[in-house]
Amino acid sequence: MLNRRTLLAASAATLAAPSIARAQATKISFYYPIAVGGPIPAIFDGYCKEFQAATGIEVAPVYAGNYGETLTKAITAIKGGNGPHLAVLLAAEMHSLQDLDILASLDDVGLDAAGKKWMEGFYPAFLANSKAEGKLWSVPFQRSTSVMYFNKDAFKEAGLDTEKFPRTWAELQAAAVKLTKKDAGGRVTRWGVKMAADVGNAQWTFGGLANQAGHILMNEAGTETYFNHPKAIEALAFWRGLATAGAAPEGVSNWGQLTPDFLEGNAAIIQHTTGNLTNLRTNAKFPFGIAGLPGKEGPRTVVGGGNIYFFKNANPAERAAALKFARFLTEPDRAADWSMKTGYIAVRPEAYETKTLKDYIAGFPAADVARGFLPVAVGELSTFENQKVYAALTNNVQACLNGTKTPAQAMADTQVEADRILKSYKKA
Amino acid sequence: MRRETVQGWLLILPALLLLVAFTHWPAATTIIDSFYTTPKGSRPPRFVGFENYADLMTDPVFWTALRNNAVYALWTIPASVILALVMALAVNTAIPGRALVRMAYFTPTMLPMIAVANIWLFFFTPDYGLFDHVLGFFGGVRHNWLGDRDTALPAMIVVAVWKEAGFFMIFYLAALQAMPPDLKECAALEGSSRWNFFRRVTLPLLMPTTLFVLVNAVINAFRLVDHVVVMTRGGPDNATTLLLYYIYEAGFRFWDQALAATLTVVLLALLGLLAWLQFGVLGKRVHYR
């Protein structure tokens with residue numbers, strides 16, 4: 001009898017041992033998307049190894065597709081009870097994620113006084129999509145602004161000044177018309193400008209255009225939108241006008257197609273993310289320039305990209321580890337490294353004080369162009385039911401670009417749809 | 001007798017369990033969910049009766065998706081079945097390099113749809129994609145195949161037919177090979193023309209295969225949306241949104257459980273109706289040997 005009890009106790013101890021060991025070595029899971037070219041997974045693997053060497057915390061990085069797919073996977077996994085502890089998701093998804101009740105605010109993950117000070121060290125424009133209900137909900141990470149890349153050879157060929165990129169809409173359209181080249185048969189071999197209007201990207205392009213007209217599309221609480229506004233209509237009319245002027249192709253251009261189009265010389269100017277800079281630098285066989293977006297009167301742009309979010313499903317030890325990892329990723333040296341390897345804007349001014357980034361910019365001044373436009377940047381379109389509002393906007397933008405709706409009609413329809421979607425979020 | 005009943009039930013139990021767990025139970029809960037609002041964070045689902053269905057009737061995207069799916073089905077089903085039959089007849093005759101041609105016809109079926117979609121994405125690229133390139137030689141103009149409302153859905157249909165025809169061809173080919181050669185000899189002796197033989201003998205004998213292929217084609221017309229995900233994501237302006245893709249969007253992009261459940265019930269009812277039509281009406285006219 002005694003024998004048997006000892007045996008039971010011993011086996012119980014053996015069984016329990018691995019779980020104790022597991023509890024001591026915290027292991028966290030981290031989802032990230034890839035929205036730009038380049039060897040992103042290798043970079044993340046490197047960071048995670050470094051982090052483990054420094055802290056003993058094991059981070060399992062999971063590449064989860066593009067932004068939309070990563071969002072879907074993270075939410076599905078969390079609902080299934082096996083979700084990530086932190087993830088890089090679109091900064092603009094804050095309201096929707098809050099609504100799903102899966103987020104842990106930075107207070108919830110244990111941000112102390114030192115941590116609060118650290119949060120103050122980010123560029124204010126990048127924190128625009130992090131604040132709600134008086135709390136912080138995400139840490140800026142792979143942040144960008146919308147910029148224009150232009151083919152300098154094409155500029156020269158068209159007799160344009162490569163050092164003076166258009167600063168107003170009128171100038172941009174005039175330049176794009178000149179840059180559009182046709183062969184003997186009248187077939188266009190090079191388009192002046194291309195901007196993405198496919199699902200997942202149309203709202204970003206349009207957010208930039210609205211700001212260029214001096215218009216913000218939503219309130220900060222994310223409960224109201226202002227599409228049916230003369231300035232929003234004007235912004236869409238300008239976009240559509242590029243095609244009718246013959247400077248841009250009819251219909252919808254895809255985000256993923258813009259980079260090959262540009263590299264092939266099929267588009268002289270593309271509107272893309274700063275995050276694509278390193279990729280273009282590696283692959284372009286011609287000199288190219290990078291410039292801030294022009295505006296109706298002067299340059300205006302929109303920020304974009306992903307922030308690090310923390311989730312409720314993590315236990316206190318995992319939350320602490322996740323926060324530690326987020327701080328590790330945004331340390332000046334690493335923010336500088338990330339910026340150099342991808343082209344994203346380093347999220348903290350301190351990073352630009354590091355020697356490595358200073359040297360890099362000295363040798364490649366284009367890498368510092370986008371940062372200069374942060375003062376004229378606004379946050380992304382972000383509301384509750386974000387994806388539904390995006391879909392409403394995208395459908396109407398696409399209808400307008402296809403010539404089936406006038407800009408005024410498209411914006412009016414978007415507003416009706418958005419009002420319907422946000423009906424239950426409006427506080428009386 | 002009782003013993004046999006128990007035995008019978010025990011024998012079908014494993015299959016039944018799987019079927020209930022993965023087909024009937026989810027279908028039942030989906031129907032129940034379609035009568036509730038979407039639970040969001042702290043707000044639990046609320047019973048709303050047929051309100052979700054009423055909302056669906058006023059949802060323009062639903063009607064667009066339904067219309068798109070009807071067009072998609074009306075083109076892909078006959079096109080892929082007829083093409084499959086033609087291909088099967090072609091490779092059933094003695095032509096040089098027959099094995100090679102058969103393989104070539106069957107290749108699209110072996111490729112995963114995602115890979116197929118990515119290949120076609122290149123074909124459809126405006127200006128320097130394969131189609132525009134080839135058309136360019138003949139003085140063709142630029143086509144934004146996937147970015148234009150008028151060509152996006154036809155482009156999806158072409159991809160689906162290309163992908164499916166080879167698969168259906170295999171069934172037709174098997175049926176043709178199983179056909180006794182003496183029928184042909186007999187017809188030749190009677191002096192029947194080839195067309196007459198095909199219409200009066202081959203086609204009727206292929207009817208069971210045709211029914212099977214048709215059922216599959218109908219299912220695929222509602223099931224095959226992978227290429228939409230890769231190539232257009234339902235755009236431009238919902239021109240390529242098919243019912244199943246809309247369900248996916250509602251469920252996993254908008255997280256609107258009520259809408260997704262309601263759509264699923266509608267699709268289920270639609271497929272049930274089609275199955276009843278095919279087996280009930282068409283099935284009776286098929287001659288089995």
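Colleague: What makes the contact between the side chains of A:Glu331 and A:Arg334 a salt bridge?

Modeller: The model is a predicted one, and in it the side chains of A:Glu331 and A:Arg334 come to 3.0 Å, N to O. The rule asks for a Lys or Arg side-chain nitrogen within 4 Å of a carboxyl oxygen of Asp or Glu, and therefore the pair, at 3.0 Å, is called a salt bridge.

Colleague: How do you know whether A:Arg334 is buried or exposed?

Modeller: Its relative accessible area is 11%, and because buried means under 20%, A:Arg334 counts as buried. A:Glu331 has 36%, which lies between the limits of 20% and 50%, so A:Glu331 is called partly exposed.

Colleague: Which salt bridge joins A:Lys388 to chain B, and what makes it a link between two chains?

Modeller: A:Lys388 pairs with B:Asp256, with the closest N and O atoms 2.5 Å apart. A:Lys388 lies in helix H16 (residues 386-401) of chain A, while B:Asp256 sits in the loop between helix H12 (243-253) and helix H13 (257-282) of chain B, so the pair joins two chains. Both A:Lys388 and B:Asp256 are buried. Elsewhere, salt bridges that share partners join A:Glu50, A:Glu331 and A:Arg334 into one network.

Colleague: How many salt bridges does the rule give over all chains, and why is the one between A:Asp261 and A:Lys194 said to tie together separate parts of the sequence?

Modeller: The count over all chains comes to 19. In the bridge between A:Asp261 and A:Lys194, the closest N and O atoms are 2.7 Å apart. A:Asp261 belongs to helix H11 (residues 255-263) of chain A and A:Lys194 to strand E9 (residues 188-194) of chain A, so the bridge ties together parts that are 67 residues apart in sequence. A:Asp261 has a relative accessible area of 3% and is therefore buried, and A:Lys194, at 2%, also counts as buried.

Colleague: Why is A:Lys341 called partly exposed, and which residues does A:Lys341 touch?

Modeller: Its relative accessible area is 39%, which falls between 20% and 50%, so A:Lys341 is called partly exposed. A:Lys341 is found in helix H14 (residues 332-342) of chain A, and it touches A:Ile43 and A:Thr278, not counting residues up to four places away in sequence.

Colleague: What makes the phi of A:Asp101 and of A:Glu133 worth a remark?

Modeller: Most residues other than glycine have a negative phi. A:Asp101, which is not a glycine, has a positive phi of about 65 degrees, and A:Glu133, also not a glycine, has a positive phi of about 55 degrees. A:Asp101 is found in the loop between helix H4 (94-99) and strand E4 (103-104) of chain A, whereas A:Glu133 lies in the loop between strand E5 (131-132) and strand E6 (135-136) of chain A. A:Glu133 has a relative accessible area of 67%, and because exposed means over 50%, A:Glu133 is called exposed, while A:Asp101, at 37%, is partly exposed.

Colleague: What does the secondary structure of chain B come to, and how much of chain B is buried?

Modeller: Chain B comes to 13 helices and zero strands, and 42% of its 289 residues count as buried. Its accessible surface comes to about 16200 Å², of which 71% belongs to carbon and sulfur atoms. Of the contacts in chain B with a separation of 6 or more, 67% are between residues 24 or more positions apart.

Colleague: Which residues make the nonpolar surface patch of about 1000 Å²?

Modeller: Among them are B:Trp9, B:Leu16 and B:Trp25. B:Leu16 is found in helix H1 (residues 2-33) of chain B.

Key: Residues are numbered from 1 along each chain as its sequence is written. Chains are lettered from A and ligands numbered from 1 in the order in which they are written. This is a predicted model: local features need pLDDT of at least 70, side-chain atom pairs count only at pLDDT 80 or more; totals for chains, interfaces and linings use all residues. Side-chain values use heavy atoms; hydrogens and water are left out. Patches are made of residues with over 30% relative accessible area and no salt bridge: like charges are joined within 9 Å, nonpolar side chains (Val, Leu, Ile, Met, Phe, Trp, Tyr) within 5 Å. Accessible areas come from the Shrake-Rupley method with a 1.4 Å probe; for residues, only the protein chains shown count as cover. Helices (H or I, at least four residues) and strands (E, at least two) are DSSP runs, numbered from the N terminus. Buried means under 20% relative accessible area, exposed over 50%, partly exposed in between (1.4 Å probe, protein chains only). Contact means heavy atoms within 4.5 Å.
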